[in-house]
Amino acid sequence: MGFTKDGRRFRVEEGYLLLSRVHTDIDNPLIITHIMNIESHLFSYFLQHKNYEELLKEKLREIEILQAMLETSEYVVQAYNNIETFSKQVLDRLDQVLRMDGSLFYMLDKNAEKVEKLVISSMFLKNFREEDPKLLLAEVRANPNIFDTKNNLCFAKFEYGQYQVGVVGVRLKEPFDKGDLAFFKTISNQLFHVIRLMKIIEDLQNAQFSIKFLSEYDPLTMLYNRRTFERYLKDNIQIVSRTGSLLSMVLIDIDNFKLINDVYGHQTADMVLKELSERLKRSVRKMDIPARFGGDEFAVLLPYISKDTAHAIAQRLISKLSSEPLKIEDRNISLSVSAVVVSYPQDGTSAEELITYAEYLMREVKRKGKGIILSSGDIPHKFSVVKELERSLVESIEKSSVIPYYHEIIDLRRMSVFGFEVLMRIKFNGRILSTGEFVDVAERLGVMPKLDLLLMEKVFESYKFFGNQYNIFIFINMVPDNATVEFAEKVRALADKYSVPISNIVFEITERKAIEDIMQVADFVRELKKEGFRFAIDDFGSGYSSFYYLKYLPTDFLKIEGEFIRHLTHSRTDRIFIKGIVNVAKEMGIKVVAEFVENDEVLEVVKELDIDYAQGYYFGKPEPLEEKLKKLSSKE
């Protein structure tokens with residue numbers, strides 16, 4: 001390195017000359033060191049760019065060669081990217097050129113130890129027996145060489161990922177020589193490269209078909225899924241709106257399907273859904289569009305059908321679906337189904353309005369009983385009530401009018417208030433709605449996460465009213481959908497803003513819902529626990545994966561499903577079950593909360609089972625914070 005006569009700095013490295021002009025004090029060693037570092041970085045970037053370009057050109061050349069092979073191959077053009085057709089044409093030509101008595105091509109999936117494709121030339125079919133291909137393949141696979149001639153046999157094998165691809169040629173009288181093998185190997189190599197590209201194309205086509213199928217169909221029942229149904233509904237509305245025609249939709253729900261799940265298990269419940277879907281397919285017209293709408297809900301789109309006719313069709317469908325028990329293995333399972341009917345344009349002028357109205361009617365059906373058919377003319381409430389509720393939910397967000405209600409959790413050893421579970425309430429038409437009365441509409445509108453954050457902010461803001469004299473734990477319900485980085489950041493910000501002791505904040509995760517995204521929820525829980533937040537599993541024991549769930553979540557509390565607590569006084573089974581939960585929890589250092597404690601008898605049994613905390617109407621009903629603070633101060 002050094003300086004040229006005109007003052008430029010030069011440096012030679014790896015055969016390259018680097019020139020730079022320096023406008024500074026070249027005698028300063030710090031400046032020279034800085035310049036050298038800059039030169040090194042620039043030279044490093046140059047080499048990376050140069051090598052990248054060369055590598056890219058090399059790969060492009062490879063692709064061009066493979067593309068040219070495909071484009072110039074007469075057989076590929078004739079085969080239309082079909083591996084079987086293409087390889088058969090090559091084999092027949094190879095038989096002629098090498099005067100062979102037959103040849104075959106195979107593609108073996110090494111992972112499955114299964115021959116995925118086997119193509120036999122015309123000459124082979126003429127000269128050999130049916131079992132000969134298996135014998136030849138066994139001999140070729142046993143040979144350690146990738147290409148070889150042996151007596152009257154010639155073969156070449158190639159590896160591609162999990163596949164082994166091979167070509168085998170046979171002569172009955174004349175053996176193969178080295179020249180034959182060289183030509184055989186060359187043609188087989190070209191065949192292999194083309195087949196490899198064809199396989200990639202085939203796999204892509206299969207993947208695209210699978211994705212399209214999964215995006216349109218329900219994999220269990222093979223009916224259209226909800227998304228596809230909604231698309232067909234929109235398309236049909238556009239058609240009938242232009243012609244002035246009618247269309248109707250029937251929404252069908254299996255009554256008490258959860259009971260089938262609980263009694264017979266998920267596998268049998270899935271078989272019930274499959275058998276019911278088959279009955280549904282056989283009971284509709286070809287032009288009707290049946291779909292699986294949700295877990296235990298089905299829908300049928302009835303083009304050009306009025307509401308009265310649709311009501312009659314719904315009655316017939318209910319009869320077909322539930323008149324005879326379903327034969328599932330050795331069981332006869334009786335079903336009851338309910339249905340609702342909505343029609344265009346009387347009940348809505350868009351797909352969203354019709355579906356929203358149908359779901360609203362189905363909730364009304366569930367309140368009335370089983371085996372019911374309902375339409376808009378059968379209920380006193382107008383659909384405008386639903387729309388009004390939607391507006392009220394949106395206004396609750398805009399005006400921050402979510403109301404937290406508090407429900408005591410009692411420490412059973414001290415018989416004092418340990419904490420409160422916070423429940424969401426909103427005002428609607430002059431009364432207070434519980435979460436169950438608006439959660440479906442809120443989730444459909446996508447506003448539930450915002451409502452959760454509003455509730456949390458109000459709770460954190462009000463925590464100061466407990467003062468230092470009450471070490472109160474706050475239990476807040478959290479849906480698994482909120483287990484995201486963004487939600488966690490907002491929770492931290494709120495805790496900092498209102499100086500809430502985060503070690504006293506407990507997030508309740510409902511086990512039935514969270515299990516669908518258990519790994520995401522587990523990461524979320526671990527992240528917030530590092531900062532001091534605590535977590536509880538709500539409704540523990542209500543699903544089949546409760547103990548499996550414990551394996552992944554670092555949990556502080558288990559809240560036992562109230563159904564088990566409610567029957568403790570007369571159910572030995574429930575006692576045994578809860579005793580098992582308590583033992584497991586204690587071994588893992590987890591505290592246990594019993595929900596639905598509503599009388600003295602249940603309370604005594606809960607204490608006997610060594611449960612840590614209890615919650616229920618026996619101790620108090622959910623109320624605003626002001627009422628709870630009054631009761632706390634009155635007990636001092």
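I started at Ile 611, which touches Leu 412, Arg 413, Ile 560, Ile 578, Val 582, Val 592, Val 593, Ala 594 and Val 606, leaving out residues up to four places away in sequence. Contact here means heavy atoms within 4.5 Å.

Before going on, I noted the ground rules: the model is predicted, local features need pLDDT of at least 70, side-chain atom pairs count only at pLDDT 80 or more, and totals for chains, interfaces and linings use all residues. Residues are numbered from 1 along each chain as its sequence is written, and side-chain values use heavy atoms, with hydrogens and water left out.

**Cores**

I then looked up the largest nonpolar core and got 77 residues, with Phe 466, Ile 474, Phe 507 and Ile 611 having the most contacts inside it. A nonpolar core is a set of buried Ala, Val, Leu, Ile, Met, Phe, Trp, Tyr and Cys residues joined through side-chain atoms within 4.5 Å. Buried means under 20% relative accessible area, exposed over 50%, and partly exposed in between (1.4 Å probe, protein chains only). Helix 14 (residues 448-462) gives this core its largest share, eight residues. I also found a second, separate core of 30 residues, including Val 284, Val 300, Leu 317 and Ala 339.

**Whole chain**

I counted 22 helices and 24 strands in the protein chain. These are DSSP runs numbered from the N terminus (helices H or I, at least four residues; strands E, at least two). Of the 636 residues, 46% count as buried. For contacts between residues at least 6 apart in sequence, 64% join residues at least 24 apart. I got an accessible surface of about 33900 Å², with 52% of it belonging to carbon and sulfur atoms. That area comes from the Shrake-Rupley method with a 1.4 Å probe; for residues, only the protein chains shown count as cover.

Most residues other than glycine have a negative phi, and most peptide bonds are trans, so I went looking for exceptions. The peptide bond from Tyr 344 to Pro 345 is cis, with omega near 5°. Pro 345 sits in the loop between strand 14 (337-344) and helix 11 (351-368).

Asn 256 has a positive phi, near 55°. I placed Asn 256 in the loop between strand 9 (247-254) and helix 8 (257-264), and it is partly exposed at 44% relative accessible area. Asp 539 also has a positive phi, about 55°, although it is not a glycine. Asp 539 lies in strand 21 (residues 534-540) and counts as buried at 14% relative accessibility.

**Helix 8 against helix 9**

I checked how helix 8 and helix 9 (residues 266-283) pack: the angle is about 135° and the axes are 7 Å apart. Axes are lines fitted to C-alpha atoms, for helices over the stretch in contact, and angles run from 0 to 180 degrees between N-to-C directions. The two helices are therefore oblique to each other; under 35 degrees would be roughly parallel, over 145 roughly antiparallel, 65 to 115 roughly perpendicular, and the rest oblique. Helix 8 makes the contact through Phe 257, Ile 260, Asn 261 and Tyr 264, and helix 9 through His 266, Thr 268, Ala 269, Val 272 and Leu 273.

Last, I traced an open sheet of five strands, order 5-4-8-7-6, with antiparallel pairing. Two strands pair if DSSP finds at least two bridges between them. Strand 5 (114-120) and strand 6 (147-150) are at the edges with a single partner strand each, so one side of each has no neighbour in the sheet. The twist averages 15° from one strand to the next. Strand 6 pairs with strand 7 (residues 153-160) over four bridges, in the antiparallel sense, and Asp 148 stands opposite Phe 155 in strand 7.
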